[in-house]
Amino acid sequence: MESGINKGVWDNPERKFTVKIRVFNKDNRRHDLDNQISTILDALVKSEILRDDDQNTVTIIAAIYKGLDRDNPRAEIEIIGGLQNGKN
């Protein structure tokens, strides 16, 4: 997988991350934002972008519902941090 990610930063167990996820749904059907976020976090771990999605790795999760985009439903994911013990 070509991601341009420095695996040394992402794999370091001392690194802490904030994950912001902005969700744009395709239609007005009821969507459970919590389930959408959980699925995305699991995919980030499975694809080895995050080493885990537990509280020791991801310290803040911001889930933002942005409304409808019928032509381009999506999730925009921003991973911030990589701080070691709260320091750069």
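## Terms and Basis of the Model

A salt bridge is a side-chain nitrogen of Lys or Arg within 4 Å of a carboxyl oxygen of Asp or Glu. Under this definition, Glu76 forms a salt bridge with Arg74, and the closest N and O atoms of the pair are 3.0 Å apart.

The structure is a predicted model, in which local features need pLDDT of at least 70 and side-chain atom pairs count only at pLDDT 80 or more, while totals for chains, interfaces and linings use all residues. Residues are numbered from 1 along each chain as its sequence is written, and side-chain values use heavy atoms, with hydrogens and water left out.

## Overall Arrangement

The chain contains two helices and three strands. Helices (H or I, at least four residues) and strands (E, at least two) are DSSP runs, numbered from the N terminus. From the N terminus on, the order of these elements is α-β-α-β-β.

Of the 88 residues of the chain, 25% count as buried. Here buried means under 20% relative accessible area, exposed means over 50%, and partly exposed lies in between (1.4 Å probe, protein chains only). The chain exposes about 5,900 Å², of which carbon and sulfur atoms supply 46%. Accessible areas come from the Shrake-Rupley method with a 1.4 Å probe; for residues, only the protein chains shown count as cover.

Contact means heavy atoms within 4.5 Å. Among the contacts in the chain with a separation of 6 or more, residues 24 or more positions apart account for 83%.

## The Nonpolar Core

A nonpolar core is a set of buried Ala, Val, Leu, Ile, Met, Phe, Trp, Tyr and Cys residues joined through side-chain atoms within 4.5 Å. In this structure the largest one has eleven residues: Phe17, Val19, Ile21, Val23, Ile37, Ile40, Leu41, Leu44, Ile49, Leu50 and Val58. Strand S1 and helix H2 (33-46) each supply at least two residues of this core. In soluble globular proteins, nonpolar side chains tend to be buried together.

Leaving aside neighbours within four places in sequence, Val19 is in contact with residues including Leu41, Leu44, Leu50, Val58 and Ala62. Ala62 is found in strand S2, and it counts as partly exposed because its relative accessibility is 22%. The C-alpha atoms of Ala62 and Val19 are separated by 6.2 Å, although the two residues are 43 residues apart along the chain. Not counting residues up to four places away in sequence, Ala62 touches Val19, Lys20 and Ile21.

## Salt Bridges

The structure holds five salt bridges. Side chains of opposite charge can pair when their charged atoms come close. Glu76 forms a salt bridge with Arg22, the closest N and O atoms being 3.3 Å apart. This pair links distant parts of the chain, with Glu76 in strand S3 and Arg22 in strand S1 (residues 15-25), 54 residues apart. Glu76 is partly exposed because its relative accessible area is 28%.

Arg74 also forms a salt bridge with Asp69, with the closest N and O atoms 2.7 Å apart. Asp69 counts as partly exposed because its relative accessibility is 22%, and Arg74 is partly exposed, with a relative accessible area of 26%. Salt bridges that share partners join Arg22, Asp69, Arg74, Glu76 and Glu78 into one network.

## The Loop at Asn72

Asn72 lies in the loop between strand S2 (58-68) and strand S3 (74-84). Asn72 counts as partly exposed because its relative accessibility is 40%. In sequence, Asn72 and Asn25 are 47 residues apart, and in space they are 8.4 Å apart, C-alpha to C-alpha.
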